[in-house]
Amino acid sequence: MPGHRTRIRNCGRIALLAALLAACQPGEDAEPTASAVARRLPVVFTVSYPLAWMADRIGGEAIEVVFPAPDDVDPAHWQPTPETILNYQGADLVLLNGAGYAAWVQFAALSPGKLVDTSRGLSARLIPAGEATHSHGPGGAHDHRNVASHTWLDPIFAAAQAKAIASALEVHVPNAPAGLERLQADLAHLDARLAAVFRGWSDAGVLYSHPVYQYLDARYGLAGWSVSWEPDEHPSDAEWQRLAERLRNQRASVMLWEGEPSPATTAKLRELGITPVVFETGAWTPAQGDYLTLMQQNIERLTEARIDGGNEHHP
Amino acid sequence: MTDILYLAWRYLLFNRWKTAVLITAITVTMFLPLALELVLERSTERLRARAAATPLLLGAPGSPLELVLSSLYFNGEVPATLSYGTVQAIGDTGLATAIPLQIGSRVGGKPVVGTSPDYFSFRELTVARGRPIALPGEALLGAAAARTLEVSPGESVVTESETVFDVTGSYPLKLHVVGVLNANGTPDDEAVFVDVRTAWIIDGIGHGHEDLSRPEAAANVLQRDGENIVANAAVIQYREITSTNLRDFHFHGDISDFPLDAIIAVPADDKSGVLLEGRYQAPTTSVQAIRPVVVMDELLATVFTVRQYVLAAVGLVGVATFATIALVFVLSARLRRGEIDTMKRIGAAPGRIGAMLGAEIALVLATSVVFAGTLTWFATLWGESLLHWMLSAGA
């Protein structure tokens, strides 16, 4: 599987790149031979797993794709070490998700010519996610507008990002258009399946455990609403109280989680008439399979929950 | 032979003031054209080499010479800036790699050059100690700058305040030295390199302070109105970027509008260079694209013309000086007629007397040559810096 291959290659590639960088240190006789240069594949670093998966699908064996974020850190809030940033500097291309995802990029010393913002031409489709203004000194008020960042949860948005990746890879990958075509077909198929499984869900009421599903919500017209609960933390009494208050005005029969909630949380949600369903965003490199298999598993869980939810709450 | 040299030496020593004046006059007459020629040749070679190694330079409309001197030699300032959006625009064309340059502040008199990692590969600069820049607040020093500032990787330097009389302006920023470059005999040796974002933070375009939306910042908040928070003057802006406060730094506005002094464009090939240059030739464009080597050739042509006049003038002065010195020796020989007659009477052959007078002249000339050579050597050491200073002062 392409995604699985990407994951396996990560550590080896980082080591290879580190070795190349180390070899370039001054004072050492480290001039690469012509044949070694000829053999070297273009190296593409990404800031998220979905980008790595898409780049790998498009570039295939013609490129090396590296997504170095550790498995135990949310890539959206990850802060790479200086050494990791130096590895990014050594890449031929750095694929950015845009939409404010992986904010560390705006403070890393990276070559602007290597950065590819895959959401750059899609600003009209970005979803606002609150804004803050502060003022101090003579400069007046400063706006800090935010947009939702998990763009790939809308497969059609992801397909547009894939097109941007293919354009950037064109120089390095001769058959990029063919890889893009296959990828876009898969994403269109995924979109159709998600559309089918989500049909009618807006009436049932959808609640999100975290404000990361905006693009999924917008794409399938779910009209859901969100709290900020972590799967591995049991919500406090105050949080349950706030939820109960909101449920008086807003309907929710299904709650999407990034990970499996605790049994206690699950039980209490069911008491409130809410079925928890794990819908993994794919921000992390999956332990097995790739982005498509991850989404397939999400669809299966949604289908199952829909049946359960229908029986329990919508007879 | 030794006795002739001894007599000549004793004569010159006895008439030490006359000898000193003669040696000074001859030394200066030889030194001036020699030093001028050597210093100009070496300096122009290096100046031109750096310009020739920079294919295209983009800046705001204005004096191309000021743009070149500021961006390539870090001398002087550019009168106007262009926007960072131009870097993105060049990247979009696919014709060239755009390297941003923002040269504003100074550290201990050394220029702080904000740029991107591409600059180091483009100039073939290698790290001697430490590592390249990865994060804001980090600095990579040129070899001479590190020597002058007496800092090594792991230590820090502080930028000079540009706003002594502006209490509301930006403040000095503490920079962490992460590496020192190998010397390459160019103005890069004298520079303090930072990421372009660090340069903007130094300029006050970006800054860091505590998160005003958090409850613990309440003491520094004057007013909260929905999403708008008005802070009071007690909000302290961070003067150092660390791993713990990095996330509290932010920029205001669109990064595309942020200022740059110049952009070095490295075209993929000659054709791309011509195409890119053509895009910025329209009189209505707000960006000028120049070929630094052309600008430097024009400057050096002027310098060479001036040099010809100066050399001609020095040559005339030299001829006059040597004529005067010849006259001094002739008149001196006449004044010494009594001394010469005495030498003849005590048995000195006319040939030996002539040899003694010749030895006196030879000693004066030899000493002058040694002095002129030494001075010329010193001039080649310091002359380039002097020429850079003169060029920047005249720009």
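Student: Is Arg50(B) buried or exposed?

Tutor: Arg50(B) is buried, with a relative accessible area of 7%. Buried means under 20% relative accessible area, exposed over 50%, and partly exposed in between (1.4 Å probe, protein chains only). This is a predicted model, where local features need pLDDT of at least 70, side-chain atom pairs count only at pLDDT 80 or more, and totals for chains, interfaces and linings use all residues. Residues are numbered from 1 along each chain as its sequence is written, chains are lettered from A and ligands numbered from 1 in the order in which they are written, and side-chain values use heavy atoms, with hydrogens and water left out.

Student: Which side chain does Arg50(B) meet in a salt bridge?

Tutor: Asp188(B), at 2.8 Å from N to O. A salt bridge is a side-chain nitrogen of Lys or Arg within 4 Å of a carboxyl oxygen of Asp or Glu. Arg50(B) lies in helix α2 (residues 16–52) of chain B and Asp188(B) in the loop between β8 (174–181) and β9 (192–195), so the pair ties together parts that are 138 residues apart in sequence. Helices (H or I, at least four residues) and strands (E, at least two) are DSSP runs, numbered from the N terminus.

Student: And Asp188(B), buried or exposed?

Tutor: Asp188(B) is buried, at 0% relative accessible area.

Student: How many salt bridges over all chains?

Tutor: There are 15. One of them joins Lys110(B) and Glu190(B), 2.5 Å from N to O. Lys110(B) sits in strand β4 (residues 110–115) and Glu190(B) in the loop between β8 and β9 of chain B, so this pair links parts 80 residues apart in sequence. Lys110(B) is buried at 13%, whereas Glu190(B) is partly exposed at 33%.

Student: Which residues do shared partners join into one network?

Tutor: Asp154(A), Asp191(A) and Arg219(A). Within that group, the closest N and O atoms of Asp154(A) and Arg219(A) are 3.9 Å apart.

Student: Switching to cavities. How many of 30 Å³ or more?

Tutor: Three. On a 1 Å grid over the protein atoms alone, a cavity is a set of points where a 1.4 Å probe fits but cannot get out, and lining residues have an atom within 4 Å of a point. Grid points are joined across faces, edges and corners, and a volume is the space filled by probe spheres set on the points.

Student: What lines the largest one?

Tutor: The lining includes Leu67(B), Val78(B), Asp261(B) and Gln288(B). The largest cavity holds about 60 Å³ of space.

Methods: 1 Å grid on protein atoms, 1.4 Å probe; cavity = no way out; pocket = protein on both sides within 12 Å on 5 of 7 lines; lining within 4 Å.
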